[in-house]
Structure formats: C-alpha cells, structure tokens
Amino acid sequence: MEVYTNENEQVDAIKNFFIDNGKAIVIGLVLGIGAVVGWNYWQSHQTNQLQESAQTFEKVSAQLHTGSAESVATAEKFAADTKDVYSALIDLQLAQLAVENNKLADAEKSLTAAIEKAKTDELKDLIHLRLARVQLAQNKADAAILSLDKITGKGWGTAAENVRGDALLHKGDKAGAKAAYSKGLEADGSQALKSLMTLKLNNVSN
C-alpha cells in the first residue's frame, strides 16, 4: 500500500548527511569537550557511542533493503537498543518496509518510536507527515490531524494540507477539506502535488 509520496529524497538526504558527515560530527564533539575531567570522560564516551552507532547503522540499513526476516529482526533490535538519530532513521526504514507489506500498525509503531529519537525539527516534521498518512490509511482521521498539527516547518505546507484535506474529507467535512486544499495550494510544495490538490479541490467544490 502506497501512503508516501515523494519525500524519500529528504530521507535519503538526511541519512546521507549523517553518513557523510559522521566523522566531522564526531570531531566537532571532541573539539567541544570541556577541560573538566569528568565531563571529558563522559563526552568521549558519548562520541565513541555515536561513532559505533553510525557504523552499525550503515550495515543494518544495507541489510534491511533485502527485506529478509533476519534483517528486520536485526534492525528492530538496533532500533530498540539505540536512542540516537541513527536509530530514528532505522525506524523510518522499518516503517516503510511495513507499509510495503501492508502492516500499517507496525509502521505506526515504528514512526511513533522514531519521533522520540529524531534530533532535528525537519526530521520530526517528516516523521509526523508519514505518521499522519499511515494513521489515515488505518481510518484514524482524528489521529492523523493531530500528527499534522505538530508539523512546524513551512516547507511541508502543501504536503501536510494535502493529507489534512484527505483526513477531513474522510470525516465528511467537505468545507474543511476545501479550506485545507486551498491553503495547501498557497503553501510551499511541489507543483506535481499542487496539480493533484487542484483536482481534489475541484471535486470537493462540485
């Protein structure tokens, strides 16, 4: 079941950023260590953990593309045992795999877990958007709207209002859906999605 649109590029960009810049992030953490010995030890420990997590993430992520039961189990263990951004990215992959296998409840669980571990507002917004789609696909329109309300970035305006319009239409609120689609057409977003929303708006207006 397809409940995502085209923000896979954003996920890949975020993933690649942490892969490509993992060493720089580690170096930055090391350079920022204070002079206090206790703090130095703690920070060094955290830096080592982040580096190890990055290396494990690359392996787990690559294996997960096979979709095998063993790779899923390994990914789930990594996601459960790790609480950093790499764990959140694995949760995203697990969620997408679950959606592809029409296991929407599992996808919702993975996305909910990912939100708690996401380190940037952009990543949180992406997860909330995907969570809203999964919730709507399960006929949880109210839950989907609540997830959309947590999106703060203006760059997600069109995509978020598109889902909001669908959720409101699902609830029988044509006026609300029309307002959401109209707002989405005025927000930042892809022209392809706006073309689709124009069709939806026309249908609701008739």
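Is Ser110 buried or exposed? Ser110 is buried, with a relative accessible area of 14%. The cut-off for buried is under 20%, so Ser110 qualifies. The model is predicted.

## Overall fold

The chain holds eleven helices and zero strands. Read along the sequence, the pattern is α-α-α-α-α-α-α-α-α-α-α.

The chain has 206 residues, and buried residues make up 45% of them. Take the contacts between residues at least 6 apart in sequence: 56% of these join residues at least 24 apart.

## Ser110 and its surroundings

Ser110 sits in helix H6, which spans residues 104–117. Set aside the neighbours within four places in sequence. Ser110 is then in contact with Asp91, Leu94 and Ala95.

## The aromatic pair

The structure holds one aromatic pair. Which rings form the pair, and how are their planes set? The rings belong to Phe57 and Tyr86, with centres 5.5 Å apart and planes at 45 degrees. An angle under 30 degrees would count as stacked and one over 60 as edge-to-face, so this pair is tilted.

The pair links distant parts of the chain. Phe57 lies in helix H3 (residues 37–64). Tyr86 lies in helix H5 (residues 85–100).

## H5 against H7

Helix H5 also packs on helix H7. The angle is about 20 degrees, and the axes are 12 Å apart. Angles under 35 degrees count as roughly parallel, so H5 and H7 are roughly parallel to each other. Their crossing is left-handed.

Which residues make the contact? H5 contributes Val85, Leu89, Leu92, Gln96 and Val99. H7 contributes Leu123, Leu126, Ile127, Arg130 and Val134. By class, the residues of this contact divide into eight nonpolar, one polar and one charged.

## H7 against H9

Helix H7 (residues 121–137) also meets helix H9 (residues 157–170). Their axes come within 10 Å and cross at roughly 20 degrees. H7 and H9 are therefore roughly parallel to each other. H7 passes H9 in a left-handed crossing.

On the H7 side, the contact residues are Leu129, Ala132, Arg133 and Leu136. On the H9 side, they are Ala159, Ala160, Val163, Asp166, Ala167 and His170. The residues of this contact divide into seven nonpolar, one polar and two charged.

## Ser147 in H8

Where does Ser147 sit? Its place is in helix H8, residues 141–149. Ser147 is buried, with a relative accessible area of 5%.

Again leave aside the neighbours within four places in sequence. Ser147 is in contact with His128, Leu131, Ala132 and Gln135. Ala132, one of these partners, is also among the H7 residues that meet H9.

Key. Residues are numbered from 1 along each chain as its sequence is written. This is a predicted model: local features need pLDDT of at least 70, side-chain atom pairs count only at pLDDT 80 or more; totals for chains, interfaces and linings use all residues. Side-chain values use heavy atoms; hydrogens and water are left out. Axes are lines fitted to C-alpha atoms, for helices over the stretch in contact, and angles run from 0 to 180 degrees between N-to-C directions. Helices (H or I, at least four residues) and strands (E, at least two) are DSSP runs, numbered from the N terminus. Angles under 35 degrees count as roughly parallel, over 145 as roughly antiparallel, 65 to 115 as roughly perpendicular and the rest as oblique. A crossing is left-handed if the near helix is turned anticlockwise from the far one by less than a right angle, and right-handed if clockwise. Contact means heavy atoms within 4.5 Å. Ala, Val, Leu, Ile, Met, Phe, Trp, Tyr, Cys and Pro count as nonpolar, Asp, Glu, Lys and Arg as charged, and the others, Gly among them, as polar. Rings of Phe, Tyr and Trp (its six-membered ring) pair if their centres lie within 6.5 Å; planes under 30 degrees apart count as stacked, over 60 as edge-to-face and the rest as tilted. Buried means under 20% relative accessible area, exposed over 50%, partly exposed in between (1.4 Å probe, protein chains only).
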